[in-house]
Amino acid sequence: MDIINILPDSVANQIAAGEVVDRPASAVKELLENAMDAGATDIQLIIKDAGRTLIQVIDNGCGMSDVDARLCFERHATSKIHRADDLFAIRTMGFRGEALASIAAVAQVELKTRQHEKELGSQVVIEGSEVKSQEPCTCSPGTSISVKNLFFNIPARRNFLKKDSIELSHIEEIFKRVALPNYKVGFSFYNNGRLLYDLKPGNFAQRIAGLFGSSFNQRLYHIEEHTEPVSLNGYIGKKEYAKRVRGEQYLFVNGRYIKHPGLSAAIEKAYTELIPERTYPAYFVMLDVDPQRIDVNIHPTKTEVRFIDESVIFSILRAATKKSLGQYTLANELEFNPSTEIDFTPISKGHIPDTPKESFNPNYNPFYATDVHEKHPGNHGGGRLDLDNFFGPKSSSNTEQRLAFDDNLSERQEEPISATTSSATTTPINYLNQYIITTLKSGMVVIDQQRAHERILYEKMMSRAIDGQASAQQLLFPVNCRFNAADSEVLMEIMPELERLGFVIDPLGQNTFVVTAAPHDTKEDELQNMLEQTINEYKNNMLQKFNDRNKSICLSLARQMAVHSGTALKVEEMQKLIADLFSCQAPNISPSGKRTMFIMGEQELKERFK
Ligand code: ADP
Ligand code: MG
């Protein structure tokens, strides 16, 4: 009996499609690249529901003839190579002729295209590889492709898609990878009718500013080098802006985004000893290499490439980065001119902000002042130090406390700390500007100042988050912050929580926000970073099913606002910190679960002196 079947085309197409299109972002990538290859100077990306219901790309490129409009959906239909030799001189983004066939196999696609010299265009509707109609149509010159209901015929794949916010951030990342090197092309990007990016043609620096915010200008140095095997040009992050996560790291070869761990290492190596370990610089570097000396085809999605001259390119890249870091460490600031890029709703100069909603004391100092709104629910009435009440007989010195980061964090009841009223009169001692040493009835206490302050701030903020009685500080100069589109959505999502903590933040459109008030002790020039980090930690926590928004936000803010180790505190500041710490509900553990102090009792001291 014969058992071999030839798969019907539709099935074969679906299988093959899976390699090219695995999520909305990969369809976006293919459509944007086709528009670039068609020589477009203006490209619109319109999506609905993070690409689930609609992905549309409209370009003003060369358009297609009637025949090509039908043919482009055939597998291996490409205008970009004719002979096998052409493979080695590729300068276009696509060339395999698989993208449109794959997309048409797993979605309902409508194509409208018209060549500039023609009067009429052509419209093709194709669903699951099946052509439904083709007819002449009137349309603007160029091409518009709408991809509707991606994976409508593959429920398994459709169900596999992640939350909209995740799919959207993948799409946004693809958009950046295409828009960055193609800075001479105008791009706009809409999600659910909202304009997320509007990028005018300009230079590379302006494109970076358009995508990452004009404040990015102070974070970068220029880098440029022209040699035989490689020409490079771009921007690298100043060392003080290195981040603990690999963030904005972009490498392009001949205008195409690539991943190349080797070359990334070349850049990062240049920062060795300039930035702390496990922190990473931003970079936007474009390499120009003779296409004959690259093999782009080792990976089907083509973000990986191999260079014949890899080790030479490595050295040049590292040297150029070093040179730029050395050259610019003094003052040479990069000149951005974002004026054509960013359309902030201007805040008129000399504009005096409205009277604060909350009263505030400009002389407020967290270590001296008593906050009128401060409340510690169920604890020691208004957060005042009540020495007779909260010091119990037990010592926690021998309990190794390291809590897992979980939902029960602050619900865990800690053992009470023992002390004596005499501690109030002990003058605390600072050791290494990191530890505070004082005495309690039960012994000598060593407190980690940073962790202790985190605990204090965290509990203060949590009680504010719950009763909404934040004491805000009106900023003298409103601060504009800008985020990427996905982060902007998250910021909108956590806005109510932030407002309860004393932030006043208003969206200005295009992922830009103006902050007019913030909790006490926030530094204006750190706001952007602070919010960015809070958003990032919030996203991570949500992914790990840590679902308490308030906790996530307060935890992140407390960590960022706490006094750092190495800060010299005055005696009164130390006293205030000790008092505040012991009026916390869980004084001996930091909000991220680390020990804030240990106590060495009389017994233990005696042991040691035996
Ligand atoms: P590839 O890009 O690898 O050639 P695709 O399946 O992406 O394969 O596209 C097939 C062909 O359709 C392209 O080679 C090109 O001729 C044509 N095409 C696709 N998109 C466009 C567009 N936006 N404008 C003009 N022609 C296009
Ligand atoms: Mg293509």
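## Local features of a predicted model

The backbone oxygen of Asp580 is 2.9 Å from a polar atom in the side chain of Ser583. This is a predicted model. Ser583 belongs to the loop that runs between α15 (571-582) and β22 (597-600). Its relative accessible area is 1%, so Ser583 is buried, the cut-off for that class being under 20%.

Three strands form an open sheet in the order β19-β21-β20, and their pairing is antiparallel. At the edges lie β19 (472-482) and β20 (504-509), each of which pairs on one side only. From one strand to the next, the twist averages 15°. Strand β21 (residues 512-519) is joined to β20 by five bridges, and the two run antiparallel. Which residue of β21 is the bridge partner of Ile505? The partner is Val515.

Aromatic rings are a further topic. The model has 15 aromatic pairs. One of them is formed by Phe204 and Tyr235, whose ring centres are 5.9 Å apart. Their planes meet at 55°, so this pair is classed as tilted, given that stacked rings have planes under 30 degrees apart and edge-to-face rings over 60. The pair connects distant parts of the chain, as Phe204 is in helix α7 (residues 204-212) and Tyr235 is in strand β10 (residues 231-237), 31 residues apart. Are the two residues of this pair buried or exposed? Phe204 has a relative accessible area of 6% and is therefore buried. Tyr235, at 9% relative accessibility, also counts as buried.

Elsewhere, ring pairs join six residues into a cluster: Phe212, Phe216, Tyr250, Phe252, Tyr257 and Phe284.

Two aromatic rings have a charged side chain over the face, as listed here.

| Charged residue | Ring | Distance to ring centre |
|---|---|---|
| Arg157 | Phe151 | 5.8 Å |
| Lys162 | Phe160 | 5.4 Å |

In the case of Lys162, the charged end of the side chain sits over the ring of Phe160.

Helix α6 (residues 164-179) has 16 residues. Which residues of α6 are buried? They are Ile166, Glu167, Leu168, Ile171, Glu172, Ile174, Phe175, Lys176, Arg177, Val178 and Ala179. The buried set includes the charged residues Glu167, Glu172, Lys176 and Arg177.

How values were computed: Residues numbered from 1 in each chain as written. Chains lettered and ligands numbered in written order. Predicted model: local features only at pLDDT ≥ 70, side-chain atom pairs only at ≥ 80, totals over all residues. Heavy atoms only, no water. Pairing = 2+ DSSP bridges. Helix = DSSP H or I, 4+ residues; strand = E, 2+ residues; numbered from the N terminus. Axes fitted to C-alpha atoms, helices over the stretch in contact; angles between N-to-C directions. Phe/Tyr/Trp six-rings, centres within 6.5 Å; stacked < 30°, edge-to-face > 60°. Buried < 20%, exposed > 50% of the residue type's maximum accessible area, 1.4 Å probe, protein only. Lys NZ or Arg CZ within 6 Å of the ring centre and 35° of its normal. Expected span 1.5 Å × (residues − 1). Polar contact = N/O pair within 3.5 Å; in protein donor to acceptor, adjacent residues only side chain to side chain.
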